[in-house]
6 protein chains.
Amino acid sequence: MKLSARNVLPGKVLEVRKGATTAQVKLQLDGGAIVTAAITNEAVDELALAPGDVASAIVKASDVIIGKA
Amino acid sequence: MKLSARNVLPGKVLEVRKGATTAQVKLQLDGGAIVTAAITNEAVDELALAPGDVASAIVKASDVIIGKA
Amino acid sequence: MKLSARNVLPGKVLEVRKGATTAQVKLQLDGGAIVTAAITNEAVDELALAPGDVASAIVKASDVIIGKA
Amino acid sequence: MKLSARNVLPGKVLEVRKGATTAQVKLQLDGGAIVTAAITNEAVDELALAPGDVASAIVKASDVIIGKA
Amino acid sequence: MKLSARNVLPGKVLEVRKGATTAQVKLQLDGGAIVTAAITNEAVDELALAPGDVASAIVKASDVIIGKA
Amino acid sequence: MKLSARNVLPGKVLEVRKGATTAQVKLQLDGGAIVTAAITNEAVDELALAPGDVASAIVKASDVIIGKA
């Protein structure tokens, strides 16, 4: 499936921490930056997400804020 | 100002395209990936965003979807 | 690619209206409801979105508000 | 109150699962599709959300991603 | 309709600027702060939004970032 | 750092409630309104957020819905 989301950044899962309903997942992008995602525990289970998995961080362009130093 | 947003990814502005009210900005992260942001024209003007600017893509963890191949 | 997004609602594209940078796309879900999406013109072009296309509306659970009558 | 949000999809609450601060709510749209929402526990209490309630899933157009098979 | 969204901030419309598909609306909250919203032109028309209208800025808690000086 | 986000509303932290992975923070804007944010516990720790802190609620214009009575 092709996505309209402009940002599909490939990387690898570093850490998965499940909470009560919401999990926190850390991904290292191929370029080195670390991205944190808050997703449902349900999604973690369904995708069987675990450290080392090849995965992407997907972000809609309208969810990106620009900061200028 | 320190931000609660988990993802502040440093990079450089590649392209700024203003629309009628909404602009599209492309940023190259330091690791090489390109991120597209949709922000207001007003923000582009206020930050005087232009290609070559050092800038960051800021994304809240709850706006990141994980995709697994 | 499997997505962490909890809502992937299948339907068919009804209408695509491009703006200056942002397009408005209407999708009819298989159950009949109509969903409106605001995506970039760039995404419309890249996916070659046109009326009649089989497509899905994808929404992260954290972007859904509940309203109770 | 009329909302600018383009998507107000009527349905019925199927399941409410409260977490530590965040609840997960499943709604069945009138057309049959199931929508998952992540909202605060506080909202669940304030709306007294429970299975069987008539409710709507409300989503802003800018939060909808389009996926094309 | 009662909303799960935690933030329903009452105010008055100051300015409505329609774009090609997306409008920019400025609202002055009752406490004085000015809030900018990017909504569809379609929503502006449907709500017949105009300066002087009593209206609210509605924001889901998961869309609020905290900044600390 | 200057932000493209149109809404940076100054206030003071009223309450911080950490959950399993997600915290709920209440802020009183200078104009009096109370804003609720759902952020990661990790962000609460990193910003050492506590009641009485001077802080801002930051919201992208595309995350604001307008409601008209």
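This is a predicted model: local features need pLDDT of at least 70, side-chain atom pairs count only at pLDDT 80 or more; totals for chains, interfaces and linings use all residues.
Residues are numbered from 1 along each chain as its sequence is written, and chains are lettered from A in the order in which they are written. Local features need pLDDT of at least 70, side-chain atom pairs count only at pLDDT 80 or more, totals for chains, interfaces and linings use all residues, and side-chain values use heavy atoms, with hydrogens and water left out.

**View 1. The annotated region of chain A.** An unreviewed UniProt entry lists residues 2-68 of chain A as "domain: Mop"; such annotations may be inferred rather than shown by experiment. Over these residues the chain is 10% helix and 58% strand, where helices (H or I, at least four residues) and strands (E, at least two) are DSSP runs numbered from the N terminus. The end C-alpha atoms of this stretch lie 31 Å apart.

**View 2. The axis relating chain B and chain A.** Superposition is by least squares on the C-alpha atoms of residues with pLDDT of at least 70 in both copies.

**View 3. The surface shared by chain B and chain A.** Here 33 residues of chain B are in contact with 33 residues of chain A, contact meaning heavy atoms within 4.5 Å. The copies meet through the same surface, because 100% of the interface residues of chain B are also interface residues in chain A. Together the chains bury about 2700 Å², 64% of it on carbon and sulfur atoms; buried area is the accessible area (1.4 Å probe) that two parts lose on being put together, summed over both. Of the area that chain B buries here, B:Ile58, B:Ile66 and B:Lys68 supply 23%, more than any other three residues.

**View 4. Salt bridges between chain B and chain A.** Two salt bridges cross this interface, each defined as a side-chain nitrogen of Lys or Arg within 4 Å of a carboxyl oxygen of Asp or Glu. B:Lys68 forms a salt bridge with A:Asp53, with the closest N and O atoms 3.0 Å apart. The side of chain B that touches chain A has 23 nonpolar, six polar and four charged residues. In this classification, Ala, Val, Leu, Ile, Met, Phe, Trp, Tyr, Cys and Pro are nonpolar, Asp, Glu, Lys and Arg are charged, and the others, Gly among them, are polar.

**View 5. The axis relating chain B and chain E.** A rotation of 120 degrees with 0.0 Å of shift along its axis superposes chain B on chain E, with an RMSD of 0.0 Å. These two copies are thus related as by a three-fold rotation axis. B:Ala20 comes closest to the rotation axis of the residues of chain B, its C-alpha lying at 3.4 Å.

**View 6. The contact of chain B and chain E.** This contact takes 13 residues from chain B and 16 residues from chain E. About 1000 Å² is buried between the two chains, 54% of it on carbon and sulfur atoms. B:Thr21, B:Glu42 and B:Lys60 lose the most area in chain B, together 44% of what that side buries. The interface holds two salt bridges; E:Arg17 and B:Glu42 meet in a salt bridge at 3.8 Å, N to O. The side of chain B that touches chain E has four nonpolar, five polar and four charged residues.
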